[in-house]
Amino acid sequence: MPTLVQLTAPRQVELVVCAAQPLRPGTVRVATWYSGISAGTELAAYRGSSPYLRRTWDAGRRLFVGAEPSAPYPLTGWGYSEVGQVVEAAADVTAPAVGDVVHGMWGHRSEAVVDADAVAWRRLPAGTDPVVGVFARVGAIALNAVLASDIRLGEHLAVVGQGVIGLLATRLAHLSGARVVAVDRVPERLDAATRMGAAAVVAADAAGGSGAAVRAVTAGGADAAIELSGHAAALHEAVRSVVVEGTVVAAGFYQGGAEALRLGEEFHHNRVTLVASQISGVPLALGRRWDQGRLVRVFCDQVLTGAVDVAPLVTDVVDAADVARAFAALDRGDPRVLQTVLRFPAAPVGEPG
């Protein structure tokens, strides 16, 4: 029987049996090989801090309202970084073909029936490490944030938070010609940022604040900053790090209050522009030329041509049956852990982990 990951209650996660989905016209059945766990969105749901667990998201008005949760426990099938093999196709489907390896978003489940058109353009070339597909979505998130920063060749960009998305943003910004200053509190992540192309690194707990440290190494301040840790205090330091009329991209998933974000200080006096970056949309100025599909294609092209190496970011490959252990390690904040990947039984023998 198929299985899927279920968040039963705060800090309770398990693999449960589910019914097989029927194949419909225009769809294919994909046997999941690997699925990446998000250390932002999914960890918030695991901890019970996601706003979807406290309020109703009114998609029409684009407002959180009321006190009823949009997504109450149990939460099933979460996950947006999957890769697997097409094992069945409806009679009217010409692409993808049975046997093709595709990536997409169908949740932490052993198999899924998805629209063929949604994955036909997401086929991985023969011989490609299939784990590459796990990074398509997070890579698009990183690229979206870099585009929102409007950084240019030779300018300084502070990237605050060197988790998986932060490291990918560091690499993509470096490829764009920026001089990246990477900020994190974990020395090993700063080392990884240097390998990704960061020109300088700053400890998040530097004396006087990381914002002042960034200003010192850039001789006056970064032209822009991207905040990806999801902590209000880090967002405040990102604001402190940029020049007068600089831009700060808030790309983390923030929960709770923001007492540490003191808007009457540098934000107000330096006339800083604060921009939200979220994968449901691209920067306004690029809207007619870019969309989510282009973000994914551009990022994957960088990986497939060797400009971005994602393999070192995979630190844990865990059998799906051990999903509780995987989430617990992320919840503890193990500094060694970057990308955790769930491996499902259909994955080829001898693949990563």
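This is a predicted model: local features need pLDDT of at least 70, side-chain atom pairs count only at pLDDT 80 or more; totals for chains, interfaces and linings use all residues.
Strands of a sheet pair through backbone hydrogen bonds, either parallel or antiparallel. An open sheet of three strands, in the order 2-1-6, has antiparallel pairing. Strand 2 and strand 6 (75-76) are at its edges with a single partner strand each, so one side of each has no neighbour in the sheet. Between strand 1 (residues 3-9) and strand 6, the antiparallel pairing consists of two bridges, and Leu 7 stands opposite Leu 75 of strand 6. Helix 10 (residues 323-332) lies across strand 1 and strand 2, and its direction makes an angle of about 155° with strand 2.

Val 17 belongs to strand 2 (residues 12-17). Its relative accessibility is 58%, and because exposed means over 50%, Val 17 counts as exposed. Leaving aside residues up to four places away in sequence, Val 17 touches Met 1, Pro 2 and Thr 3. Val 5 is 12 residues from Val 17 in sequence, and the C-alpha atoms of the two are 8.9 Å apart.

A second open sheet has six strands in the order 12-11-10-13-14-15, and its pairing is parallel. Its edge strands are strand 12 (200-203) and strand 15 (273-276), each of which pairs on one side only. From one strand to the next, the twist averages 20°. At one end of this order, strand 11 (residues 179-184) and strand 12 run parallel and are joined by four bridges. Val 181 has Ala 200 in strand 12 as its bridge partner.

Helix 4 (residues 164-175) lies across strand 10 (156-160) and strand 11, at about 170° to strand 10. Helix 5 (residues 187-195) lies across strand 11 and strand 12, at about 165° to strand 11.

The axes of helix 6 (residues 210-217) and helix 7 (residues 232-241) are 7 Å apart and meet at an angle of about 30°. Angles under 35 degrees count as roughly parallel, which is why helix 6 is described as roughly parallel to helix 7. Their crossing is right-handed. On the side of helix 6, the contact involves Ser 210, Gly 211, Ala 212, Val 214 and Arg 215, and these meet Glu 237, Arg 240 and Ser 241 of helix 7. Sorted by class, two of the residues in this contact are nonpolar, three are polar and three are charged.

Some details of the backbone remain. Most residues other than glycine have a negative phi, and most peptide bonds are trans. Two peptide bonds here are cis: Tyr 73 is joined to Pro 74 with omega about 0°, and Ala 95 is joined to Pro 96, also with omega about 0°. Pro 74 lies in the loop between strand 5 (63-65) and strand 6, while Pro 96 is in the loop between strand 7 (82-89) and strand 8 (101-104).

Positive phi values occur at Ala 219, near 55°, and at Glu 245, about 60°. Ala 219 lies in the loop between helix 6 and strand 13 (222-227), and is exposed, with a relative accessible area of 76%. Glu 245 lies in strand 14 (residues 242-250), and at 54% relative accessibility Glu 245 also counts as exposed.

Notes. Residues are numbered from 1 along each chain as its sequence is written. Side-chain values use heavy atoms; hydrogens and water are left out. Buried means under 20% relative accessible area, exposed over 50%, partly exposed in between (1.4 Å probe, protein chains only). Contact means heavy atoms within 4.5 Å. Two strands pair if DSSP finds at least two bridges between them. Axes are lines fitted to C-alpha atoms, for helices over the stretch in contact, and angles run from 0 to 180 degrees between N-to-C directions. Angles under 35 degrees count as roughly parallel, over 145 as roughly antiparallel, 65 to 115 as roughly perpendicular and the rest as oblique. A crossing is left-handed if the near helix is turned anticlockwise from the far one by less than a right angle, and right-handed if clockwise. Ala, Val, Leu, Ile, Met, Phe, Trp, Tyr, Cys and Pro count as nonpolar, Asp, Glu, Lys and Arg as charged, and the others, Gly among them, as polar.
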